[in-house]
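Student: I would like to go through the labels on this model. Please set each one against its cut-off.

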Amino acid sequence: MKISVLGCGRWGSFIAWYLCNHGHDVYSWGPEDDYSYKVLKETGKNEYVDLDSRIHLTCDLKEAIEHAETIIISISSQGLRGFMKRITEHDVSQKNFVLCMKGIEVDTGCRLSEVLTQSGISSDKIAVWVGPGHIQAFTAGIPNCMVIDSANKELKTKLANEFKSELIRFYYGEDLIGTELGAAAKNVMGIVAGVLDGCGYEALKGSLMTRGAREVARLIAAMGGNELSAYGLAHLGDYEATLFSKFSHNRSYGEMIVKGEKFSKLAEGVATAAAMKKLGDKYGVDLPLTNAVYELCYTDSEEDCRVRCDKMLAKMFSRDTKSEFYS
C-alpha cells in the first residue's frame, strides 16, 4: 500500500517506521521549519525511532499527498481543521484518510472525524486508528492490541488486515462515536492519574479506572454512541499506557502540576478536558473528574498546587452518595 504519514513527531515517526517494516511504501511528511522534521532530516533519527532508509522523508505536502492511496494524519488535534484547509487544496477525492490522533476540537466539540467531513472528506473515506501502547514498548518488540474504526465497514476491514502484524493485533471498531470519544477522554483521566501520583495517592487509581470509564460511558451514550465502548480498547484498554506508564505525557503533566512544575511536551488531555466540559454541559452529563481537571488546568490561583489538588479531592469525596452505575 502506498502510504503518506503527515506529521513526523512521536506517533507519526513511529507509524512510518512500523508500516515501512511491514512492507508498505511509506512517505513521511513534516513542515520544513518544524523541529521534529529538522531532527529527522539532519540526524536520520529521533528519540523514538531510526528513520528507515526505505522511508521517503519530505517537507513537500503536494508530493506526499500525490504519492499516497492512504493518508495517515498524526498531528496535534487542535490544529487539524486548519491543516485540512491545506490538504483540500489538492485533489484528495480518491484518498483514504486515517486519523492516528486523539482529541476533541475545543471550539466546536467536534470529534476529529467530524472535522474531516466538515472539511469535505466523505465519511466513507475516513478511519481512526487508536488504542493502547507506547512507542518505547513497541520498538522494544513488546506487542499490544489496537482498534481501527470507520463508518465504512469495508475500509476498516481492509486497513486492519493490511496493518496487522505480530507486533500489533488489530480489532474492528463498531462504534465510531465511542471509539473517538473514548480515545480522547483517556488523556483527561491520565492527568488525574498524574495528580494522584504527585499527591502520593496511587491507591486511588483503581477507583479512577472504574469511575473514569463510567463517566466517559455516560457521555458516549448521551452523544448517541454505545456506552460499552468506554470499556473497550480505545478507552479502558489504554489506561495502562496512560494512568501508570512513565512514558505517558498526560500522567506526567498531572504529576508536575502537583509539584508546581511546567511540562514541556504536548499533553492532549488539557484541551480535551475543555472540550469534554462543553459537551457535558451541552448534553447534561455529570462529569466530575473531567470538571476537576478543567478547573485545575484553566483556573488561575495563587494557592499552592498540592493544596488545590487536595481540596478538589475532598470536594469530590463529599459529593452526594449515588448508585455506582447511575446514568
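This is a predicted model: local features need pLDDT of at least 70, side-chain atom pairs count only at pLDDT 80 or more; totals for chains, interfaces and linings use all residues.

Tutor: Residues are numbered from 1 along each chain as its sequence is written, and side-chain values use heavy atoms, with hydrogens and water left out.

Student: Why is α12 called oblique to α13?

Tutor: The axes of α12 (residues 268-283) and α13 (residues 288-298) cross at roughly 125 degrees and come within 9 Å. Under 35 degrees is roughly parallel, over 145 roughly antiparallel, 65 to 115 roughly perpendicular, and the rest oblique. Therefore α12 is oblique to α13.

Student: What makes residues of α12 and α13 count as meeting?

Tutor: Contact means heavy atoms within 4.5 Å. Val270, Ala271 and Ala273 are among the α12 residues that meet α13, whose side includes Thr290, Asn291 and Tyr294.

Student: What makes a space in the structure a cavity?

Tutor: On a 1 Å grid over the protein atoms alone, a 1.4 Å probe fits at its points but cannot get out. The structure holds 2 cavities of 30 Å³ or more.

Student: How do you know which residues line the largest cavity?

Tutor: Lining residues have an atom within 4 Å of a point. Leu99, Met101, Glu180 and Ala183 are among those lining the largest cavity. β6 (126-130) and α8 (176-199) each supply at least two residues of that lining.

Technical notes: Axes are lines fitted to C-alpha atoms, for helices over the stretch in contact, and angles run from 0 to 180 degrees between N-to-C directions. Helices (H or I, at least four residues) and strands (E, at least two) are DSSP runs, numbered from the N terminus. On a 1 Å grid over the protein atoms alone, a cavity is a set of points where a 1.4 Å probe fits but cannot get out, and a pocket is an open set with protein on both sides within 12 Å along at least five of seven lines; lining residues have an atom within 4 Å of a point. Grid points are joined across faces, edges and corners, and a volume is the space filled by probe spheres set on the points.
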